[in-house]
Amino acid sequence: MGLDPTSPEMTLLLVMLHTGTMLAVIVFFWNSWKANFFSSSQVLGRSLKLIIAATAVTGVVGFLLKVLIKKIVFKGVAHPEVELLFGNLTLISASLAAVGVLILWAGYTEVRSSKEKVALGLKSACLIGMVQGICLPFRGFSRSGSTISTGLILGIEKKRLEDFSFALAVVLTPPIILIEGLRFVKAQHASALHGTSMVGLFLPSVIGMVLSFISGIFALKWLSSWLEGGRWYWFGIYCLFASVVIFFLHCQGF
């Protein structure tokens, strides 16, 4: 669309879009979480332990990747930021292709496997958290697609895996909203937008948040039906198709 993903307006829009999809996740999974995470204090304690461990690993992996990207990819660049990657359509296309292959592998593994499902333990939670950390700097490398696929490859039961993956999303989203919010404030003060009416800045983003909530609910229903219906590989096909389309658009000058 020719928009600058690093501009203050787009940064604010990203914050609001994250908020809308986070609310959609909470609304969609709330009843399931009450049954599976809040059934007893013992179950809640164990679930929190796994979520905290996975999130901690995500933070470590994400931080190390951020440092490596700044030191290697943006070596010699003044004021390097990982967010500069978000406007690289070639990288986004490659990320979609990579996660598409991972999802297809997981779908194939899940369909072919006749083994009894294993419980979600500390080791598998940390592995899922590690994969989630890899997703952070790479737009297109689907967080939900990669974390759920990792769990399927490990042999974890689908419903438990789905609840856990999106619980991680709700824990991870507020820090991302805070970081992007701080970037917006900093960018606004450093740009010509300083002093601009906040109503004019927030209104489009609020509309985006509402629409992201609505589309998020529909997307979650779609994704959940694919996962629970044994059609997870369809999500991989979708990602590969999106990768080809984005790469084609990039070649056309977008």
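Q: In which helix does Val25 lie?

A: Val25 lies in helix H1, residues 8–36, where helices (H or I, at least four residues) and strands (E, at least two) are DSSP runs, numbered from the N terminus. This is a predicted model, in which local features need pLDDT of at least 70 and side-chain atom pairs count only at pLDDT 80 or more, while totals for chains, interfaces and linings use all residues. Residues are numbered from 1 along each chain as its sequence is written, and side-chain values use heavy atoms, with hydrogens and water left out.

Q: Is Val25 buried or exposed?

A: Buried means under 20% relative accessible area, exposed over 50%, and partly exposed in between, with a 1.4 Å probe and protein chains only. Val25, at 8% relative accessibility, counts as buried.

Q: Which residues are in contact with Val25, leaving aside its neighbours within four places in sequence?

A: Contact means heavy atoms within 4.5 Å. With neighbours within four places in sequence left aside, Val25 is in contact with Trp33, Phe166, Val170 and Leu220. Val25 and Ala167 are 142 residues apart in sequence, and in space their C-alpha atoms are 8.3 Å apart.

Q: How many helices and strands does the protein chain have?

A: The protein chain has eight helices and zero strands, and along the sequence its pattern reads α-α-α-α-α-α-α-α. Of its 254 residues, 41% are buried. Among the contacts with a separation of 6 or more, 79% come from residues 24 or more positions apart.

Q: What span does helix H2 reach from its first C-alpha to its last?

A: The expected span of a helix is 1.5 Å times one less than its number of residues. Helix H2, residues 41–73, has 33 residues and reaches 46 Å, close to the 48 Å expected.

Q: Which residues of H2 are buried?

A: An α-helix has 3.6 residues a turn, so residues three or four places apart point the same way. The buried residues of H2 include Ser47, Leu50, Ile51, Ala54, Thr58, Val61, Leu65 and Ile69. Thr58 has a relative accessible area of 1%. Beyond its neighbours within four places in sequence, Thr58 is in contact with Gly129, Gln132, Gly133, Leu136 and Leu172.

Q: What is found in helix H4, and which of its residues are buried?

A: Helix H4 has 14 residues and reaches 20 Å from its first C-alpha to its last, close to the 20 Å expected. Its buried residues are Ser124, Ala125, Ile128, Gly129, Val131, Gln132, Gly133 and Cys135. Val131, found in this helix of residues 122–135, has 13% relative accessibility. Apart from neighbours within four places in sequence, Val131 is in contact with Ser146, Thr147 and Thr150.

Q: At what angle do H4 and H5 pack?

A: Axes are lines fitted to C-alpha atoms, for helices over the stretch in contact, and angles run from 0 to 180 degrees between N-to-C directions. Angles under 35 degrees count as roughly parallel, over 145 as roughly antiparallel, 65 to 115 as roughly perpendicular and the rest as oblique. H4 and H5 pack at about 150°, with their axes 9 Å apart, and are therefore roughly antiparallel to each other. The contact is made by Ser124, Leu127, Ile128, Val131, Gln132 and Cys135 of H4, together with Arg143, Ser146, Thr147, Thr150, Gly151 and Leu154 of H5.

Q: How do the residues of the contact of H4 with H5 divide by class, and what are the classes?

A: Ala, Val, Leu, Ile, Met, Phe, Trp, Tyr, Cys and Pro count as nonpolar, Asp, Glu, Lys and Arg as charged, and the others, Gly among them, as polar. The contact of H4 with H5 divides into five nonpolar, six polar and one charged.

Q: At what angle do H3 and H5 pack?

A: H3 and helix H5, residues 143–154, pack at an angle of about 30°, with their axes 9 Å apart, and these helices are therefore roughly parallel to each other. By class, the contact of H3 with H5 has seven nonpolar, four polar and one charged residues.

Q: At what angle do the axes of H3 and H8 cross?

A: The axes of helix H3, residues 89–112, and helix H8, residues 233–251, come within 7 Å and cross at roughly 160°, which makes H3 roughly antiparallel to H8. The contact of H3 with H8 has 16 nonpolar, seven polar and no charged residues.
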